[in-house]
Amino acid sequence: TQVLSQRFPHAPNLGDFRQAAPELRTAVDIVTCGFPCGPVAPIGRQRGTADPRWLCPDIVEFLDALPHPPTTVVFENVPGLISNDNGATVRAFLGQVGELGFALQWCVVQAADAQAPHRRSRWVCVATHAEREQLQRRRAPGELERPPASERRARLAALLAPALDSPSPHRRNHDFDFGKFEPAILRWEVATGWPAPPPLLDGHLNVRFSSWMMGLPPGWAADVVQSKTDCLRLIGNAVVPHQALLALELLT
């Protein structure tokens, strides 16, 4: 909430979407859903739909209750979503979304695919709405597929070419030795245009380095959220913008 009000002061904050008043959601064109990954994350218990944090039924209910359906819905989560319960979890969820009149297409993109110096794989799905009376299901939920590999490679090469030709960023104000990771760090500096901060500060993880690794502008969160723990949690739940852009470009 702090970052939203500081970085996007004119954006309304409706709070808990499950309790948003109907009159406040009459002109929704695009909906983005980065719903909690805890129920399907590999490091958790992977309880899926049995986890109390599972918000997918609430998302479907919210979409169905909108007076005018959005033209596009973008979902984001960890790849564990598509493997949870041998795929039954994601098939059930996307099947419900499809029944609302949305055609679905998804992919899995690593942050490294967008030049970031870490993997951080994320599942991204774009759902495009068709008028209910004109609805034609493009494919059944069990037949969801990624764009052809040849098409993905061509798009990826075109997207990354400008980043590789970007001017060098400003010089670092420290002499930390990144060792074998130096090429990856330098590549991300070129892609973002921002020099890498020192990873450690007073012997502890530097919040600004974590933010830089995510491709966020300098001070995007650290200048707003004073608590280091809260700031790291916020950064950890965020999406690398370059990675999200790449996924959307591949899917649209």
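Throughout this tour, a contact means heavy atoms within 4.5 Å. The model is predicted, so local features need pLDDT of at least 70 and side-chain atom pairs count only at pLDDT 80 or more, while totals for chains, interfaces and linings use all residues. Residues are numbered from 1 along each chain as its sequence is written, and side-chain values use heavy atoms, with hydrogens and water left out.

**The whole chain.** Of the 252 residues, 39% count as buried; buried is under 20% relative accessible area, exposed is over 50%, and partly exposed lies in between (1.4 Å probe, protein chains only).

**The largest nonpolar core.** Select next Phe35, Leu63, Val73, Phe75, Phe93, Val97 and Trp123, the residues with the most contacts inside the largest nonpolar core, which has 26 residues. Such a core is a set of buried Ala, Val, Leu, Ile, Met, Phe, Trp, Tyr and Cys residues joined through side-chain atoms within 4.5 Å. At least two of its residues come from each of β1 (30-33), α2 (56-65), β2 (72-77), α4 (88-99), β3 (102-109) and β4 (122-129). Helix α2 gives the most, with five residues.

**Leu63 and helix α2.** Centre the view on Leu63. Beyond its neighbours within four places in sequence, Leu63 is in contact with Val31, Pro70, Val73, Phe75 and Leu100. Now select Cys56, Ile59, Val60, Phe62 and Leu63, which are buried in α2.

**Helix α9.** Move to α9 (residues 241-251) and select Gln243, Leu246, Ala247, Leu250 and Leu251, which are buried. They lie on the same side of α9, because they cover an arc of only 125 degrees around the axis.

**Arg119.** Finish in the loop between β3 and β4, where Arg119 is placed. Is Arg119 buried or exposed? Its relative accessibility is 63%, so Arg119 counts as exposed. Apart from neighbours within four places in sequence, Arg119 is in contact with Gln110, Ala111 and Ala112. A C-alpha to C-alpha distance drawn from Arg119 to Val109 reads 8.9 Å, for two residues 10 apart in sequence.

How values were computed. Helix = DSSP H or I, 4+ residues; strand = E, 2+ residues; numbered from the N terminus. Arc of directions from axis to C-beta.
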